Each structure stands twice: as structure tokens, then as C-alpha cells.
Amino acid sequence: MIVKLVSTFLAGAVDLWVGIPTGFVLGLPAVLVWAAAVAGNLSVVAVAFLAGDRLRPWVFSNRWLAKRRKRVERFWEKYGVVGVALQAPLLSGTPTATVVALALGAPTRSLLFWMVPSVMVWGAILTGAARFGVSLLWG
């Protein structure tokens with residue numbers, strides 16, 4: 001069980017879109033899938049908060065992240081901190097959105113205040129959707 005939880009946690013650190021299916025493939029109950037994937041994702045957000053200034057040059061120079069960075073910048077210009085936090089788990093990835101928003105001058109407390117519930121709620125929605133899909137496939 002510990003190996004399954006740690007695997008789901010590590011996959012969730014990559015992205016919720018990776019962690020949640022991993023947990024279900026490993027046979028974990030939905031509540032544990034959600035908890036492990038969200039905890040993994042939020043741990044990476046915490047690291048991004050701690051290393052934000054040091055990661056900024058890498059984020060702005062990385063070609064692979066360019067598309068995601070532009071998406072975060074558009075949300076930042078249009079909707080501010082709330083928009084960045086709410087779209088992050090679905091569109092750009094929470095670590096990328098966190099670092100880019102901090103680089104663009106987002107207030108740390110406000111970004112954290114919105115990012116944590118966003119990851120938790122989107123994690124619950126995605127876990128529920130995945131659980132529903134699993135129940136359709138395997139009864």
C-alpha cells in the first residue's frame with residue numbers, strides 16, 4: 001500500500017493528470033488517489049514557491065515551457081492571481097503557473113491562498129471523473 005501511495009504522490013508531483021490515473025491503475029480507492037495526487041502536486045508548488053526566483057530564468061528560457069508560459073501570462077493579464085490559480089491544474093500545470101505568476105509579480109500570499117484550494121478542488125473533480133470512468137469500464 002505504501003508503494004502505491006508513494007507512486008501516486010510522485011506521479012501527482014508531475015501533474016494531477018498523471019497522478020490520478022496512476023492511483024487508479026494501482027488500485028487505490030478514490031479518496032487515497034485524491035489525497036496522494038493532490039499532496040504530490042502541492043509539494044511541487046511549495047518547492048516552486050521556495051525556489052521561484054532561482055527558477056525564473058529557466059522558465060523564461062525553456063522552449064518546452066514557452067506555450068504554457070504564454071498561457072499563464074494571458075491569464076495573468078486578463079484575470080490576475082485568481083485566474084492563474086484556477087486554470088493552473090487544468091491548462092498549464094501548477095508548478096509552471098506558480099513560477100511564472102511569481103516572476104510576473106504575483107503577491108505570494110494571494111497566489112498561495114488561491115492555488116491550494118484550486119488544486120484541491122480540481123483534484124477532486126478530476127478524481128471523481130476518473131472514478132466515474134473506471135466504473136463505466138469495469139462496472
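Start by selecting helix H3, residues 30-61: H3 gives the largest share of the lining of the largest pocket, six residues. Helices here are DSSP runs of H or I with at least four residues, strands are E runs of at least two, and both are numbered from the N terminus. You're looking at a predicted model, so local features need pLDDT of at least 70 and side-chain atom pairs count only at pLDDT 80 or more, while totals for chains, interfaces and linings use all residues. Residues are numbered from 1 along each chain as its sequence is written, and side-chain values use heavy atoms, with hydrogens and water left out.

**Stop 1**

A pocket, on a 1 Å grid over the protein atoms alone, is an open set of points where a 1.4 Å probe fits, with protein on both sides within 12 Å along at least five of seven lines; lining residues have an atom within 4 Å of a point. About 210 Å³ of space lies in this one, the volume being what probe spheres set on the points fill, with grid points joined across faces, edges and corners.

Colour by type and you'll get eleven nonpolar, three polar and two charged. Nonpolar covers Ala, Val, Leu, Ile, Met, Phe, Trp, Tyr, Cys and Pro; charged is Asp, Glu, Lys and Arg; the others, Gly among them, are polar.

**Stop 1: Thr96 and its helix**

Click on Thr96, in helix H5. Thr96 counts as buried because its relative accessibility is 9%, and buried means under 20% relative accessible area (exposed is over 50%, partly exposed in between; 1.4 Å probe, protein chains only). Leaving aside neighbours within four places in sequence, Thr96 is in contact (heavy atoms within 4.5 Å) with Leu65 and Arg68.

Among the buried ones are Thr94, Ala97, Val100 and Leu102.

**Stop 2: off the end of H5**

Just after H5, check Gly105: its phi is positive, at about 100 degrees. Then pick Ala106, in the loop between H5 and H6. At 7% relative accessibility, Ala106 is buried too. Beyond its neighbours within four places in sequence, Ala106 is in contact with Trp76, Val81, Ala101 and Leu111. Draw a distance from Ala106 to Ala37, 69 residues apart along the chain, and the C-alpha atoms come out 25 Å apart.

**Stop 3: the core**

Of its 27 residues, Leu16, Ile20, Ala97, Leu111 and Met115 touch the most other members. H2 (16-25), H3, H4, H5 and H6 (108-138) each give two or more residues, with the largest share, seven, from H3. Centre on Leu16: leaving aside neighbours within four places, its contacts include Ala37, Val38, Pro89, Val119 and Leu126.

**Last stop: zoom out**

Switch to cartoon for the six helices and zero strands. The C-alpha trace spans about 45 × 30 × 30 Å along its principal axes. Buried residues make up 40% of the 139. Of the contacts with a separation of 6 or more, 67% join residues 24 or more positions apart.

Notes
A nonpolar core is a set of buried Ala, Val, Leu, Ile, Met, Phe, Trp, Tyr and Cys residues joined through side-chain atoms within 4.5 Å.
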